[in-house]
Amino acid sequence: MILASGSPQRRAILEQLEVDFRVEVPVVEEIVEGEPDELVRENALMKARSVGGERVLGADTAVVLDGRDLGKPADAHAAERFLRALSGRVHEVMTGIAVVDAAGERSDVAVTRVRFRELGEDDLAWYLSTGEWRGRAGGYAIQLRGAALVESIEGDYTNVVGLPVPALLRLVPDLLRG
């Protein structure tokens, strides 16, 4: 399998599952306008299509608050705005995945609901100082120190990390057998 993604989190999940894969980082202009679930699905498909190979996996993740994709924070000020907006609230993490192989194109979107705890000024200052928000959808990483921001999740944890394993196995049922 070829993973059309530069995400170290997606690589780590495939490595944990002991999937034989290699990485090819796609070069695509991501769609940013539209419904978040459609955006992540279409972006995942574009990434998978952009890389040649027998079986290619593309993925795209969005943190969605009040129906709007927050994107990735451009700087620490944007990260702080994101975290303040998420504080004490429920948001959705949507990951679109797409597989392109000899059987055609298949895609799915996984949705996980995440509740942040109320974040105080000290919490915000601490997390922003970690720099972990850089390059992260919604400005946090649940698999790292960002776990301290989360009160609860409803759904698939691996989706919040960036690669929903149950959805992937629905698309590629033989993934773990070869």
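Biologist: Which is Asp-66, buried or exposed?

Modeller: This is a predicted model, in which local features need pLDDT of at least 70, side-chain atom pairs count only at pLDDT 80 or more, and totals for chains, interfaces and linings use all residues. Residues are numbered from 1 along each chain as its sequence is written, and side-chain values use heavy atoms, with hydrogens and water left out. Buried means under 20% relative accessible area, exposed over 50%, and partly exposed in between (1.4 Å probe, protein chains only). Asp-66 has 62% relative accessibility, so it counts as exposed.

Biologist: Where does Asp-66 lie?

Modeller: Helices (H or I, at least four residues) and strands (E, at least two) are DSSP runs, numbered from the N terminus. Asp-66 is in the loop between β3 (55–65) and β4 (68–69).

Biologist: What is the phi of Glu-18?

Modeller: Glu-18 sits in the loop between α1 (8–16) and β2 (22–23). It counts as exposed because its relative accessibility is 74%. Glu-18 is not a glycine, yet its phi is positive, at about 60°.

Biologist: Why do the buried residues of α3 lie on the same side?

Modeller: In α3 (76–86), Ala-78, Ala-79, Phe-82, Leu-83 and Leu-86 are buried. The arc is that of the directions from the helix axis to the C-beta atoms. An α-helix has 3.6 residues a turn, so residues three or four places apart point the same way.

Biologist: Which residue caps the N-terminal end of α3?

Modeller: Look at the backbone nitrogen of His-77. A side-chain oxygen lies 3.1 Å from that nitrogen, and it belongs to Asp-75.

Biologist: What arc do the buried residues of α4 cover?

Modeller: Helix α4 (residues 121–130) has Leu-124, Tyr-127, Leu-128 and Thr-130 buried. They lie on the same side of α4 because they cover an arc of only 150°.

Biologist: Which residues of α4 are exposed on the other side?

Modeller: The buried residues of α4 have α3 among the elements that cover them. On the other side of α4, the exposed residues are Asp-122 and Ser-129.

Terms used: Contact means heavy atoms within 4.5 Å. A polar contact is a pair of N or O atoms within 3.5 Å; within protein, one must be able to donate a hydrogen and the other to accept it, and residues adjacent in sequence count only if both atoms are side-chain atoms.
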